[in-house]
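Here are some friendly notes to read alongside the structure. Take them one at a time, and keep the 3D view open as you go.

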Amino acid sequence: MSTATVSGILTAAADRIEASGWASHRQQPGVPLSDAIALEVRDVPGPNALGAALLAAAFAALERHISAVGLSDWLRDPDRAKADVVAALRGAAEQAAQNQTVPFTERTSS
């Protein structure tokens, strides 16, 4: 059985941005936030609906974490830095882990 969690996806996205950089709307070299999250969901085994649910849940968890403003406005802040994005992903992952009761799972053949 393979298990994917929103917390795990957000943590892996933070690791990816930390290692590769963050591409903001100013076109810095690196990985855009949406791609960092989507790349972690891409390889989750199971039906497309599972991946879509994980992707939506990951973005919703991040939006809840930064709650003061919408995600696009938050990302467009000219003072936003890679460290802010990584910290937000890790904070959202921690909150998701505390709030998660049942992980997303999909049975795979052994």
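## Notes on the fold

1. Start at the N terminus and follow the chain: the elements run β-α-α-α-α-α-β. Counted up, that is five helices and two strands. Please keep in mind that this is a predicted model.

2. Next, consider how the chain folds back on itself. Take the contacts between residues at least 6 apart in sequence: 68% of them join residues at least 24 apart. Of the 110 residues of the protein, 34% count as buried.

3. Now for the interior. In soluble globular proteins, nonpolar side chains tend to be buried together. Here the largest nonpolar core has 30 residues, and Leu10, Leu33, Ile37 and Leu89 have the most contacts inside it. Two or more residues each come from helix H1 (6-20), helix H2 (33-42), helix H3 (48-65), H4 and H5. The biggest giver is H5, with seven residues.

4. Which residues does Leu10 contact, leaving aside its neighbours within four places in sequence? They are Ile37, Ala58, Ala61, Leu89, Ala92 and Ala93.

5. Helices H1 and H5 deserve a look as a pair. Two packed helices are described by the angle between their axes and the distance between the axes. For H1 and H5, the angle is about 165° and the axes lie 8 Å apart. Angles over 145 degrees count as roughly antiparallel, so H1 and H5 are roughly antiparallel to each other. Their crossing is left-handed.

6. What do H1 and H5 bring to their meeting? From H1 come Val6, Ser7, Leu10, Thr11, Ala13, Ala14, Asp15, Ile17 and Glu18. Facing them in H5 are residues including Val85, Val86, Leu89, Arg90, Ala92 and Ala93.

7. Finally, find Arg80, in the loop between helix H4 (71-76) and helix H5 (82-99). Is Arg80 buried or exposed? Its relative accessibility is 13%, and buried means under 20%, so Arg80 counts as buried. The Arg80 side chain reaches the backbone oxygen of Trp74 at 2.8 Å. Setting aside neighbours within four places in sequence, Arg80 is in contact with Trp22, Arg26, Trp74, Leu75 and Val85. Val85 is also one of the H5 residues that meet H1.

Note on methods. Residues are numbered from 1 along each chain as its sequence is written. This is a predicted model: local features need pLDDT of at least 70, side-chain atom pairs count only at pLDDT 80 or more; totals for chains, interfaces and linings use all residues. Side-chain values use heavy atoms; hydrogens and water are left out. Helices (H or I, at least four residues) and strands (E, at least two) are DSSP runs, numbered from the N terminus. Buried means under 20% relative accessible area, exposed over 50%, partly exposed in between (1.4 Å probe, protein chains only). A polar contact is a pair of N or O atoms within 3.5 Å; within protein, one must be able to donate a hydrogen and the other to accept it, and residues adjacent in sequence count only if both atoms are side-chain atoms. Contact means heavy atoms within 4.5 Å. A nonpolar core is a set of buried Ala, Val, Leu, Ile, Met, Phe, Trp, Tyr and Cys residues joined through side-chain atoms within 4.5 Å. Axes are lines fitted to C-alpha atoms, for helices over the stretch in contact, and angles run from 0 to 180 degrees between N-to-C directions. Angles under 35 degrees count as roughly parallel, over 145 as roughly antiparallel, 65 to 115 as roughly perpendicular and the rest as oblique. A crossing is left-handed if the near helix is turned anticlockwise from the far one by less than a right angle, and right-handed if clockwise.
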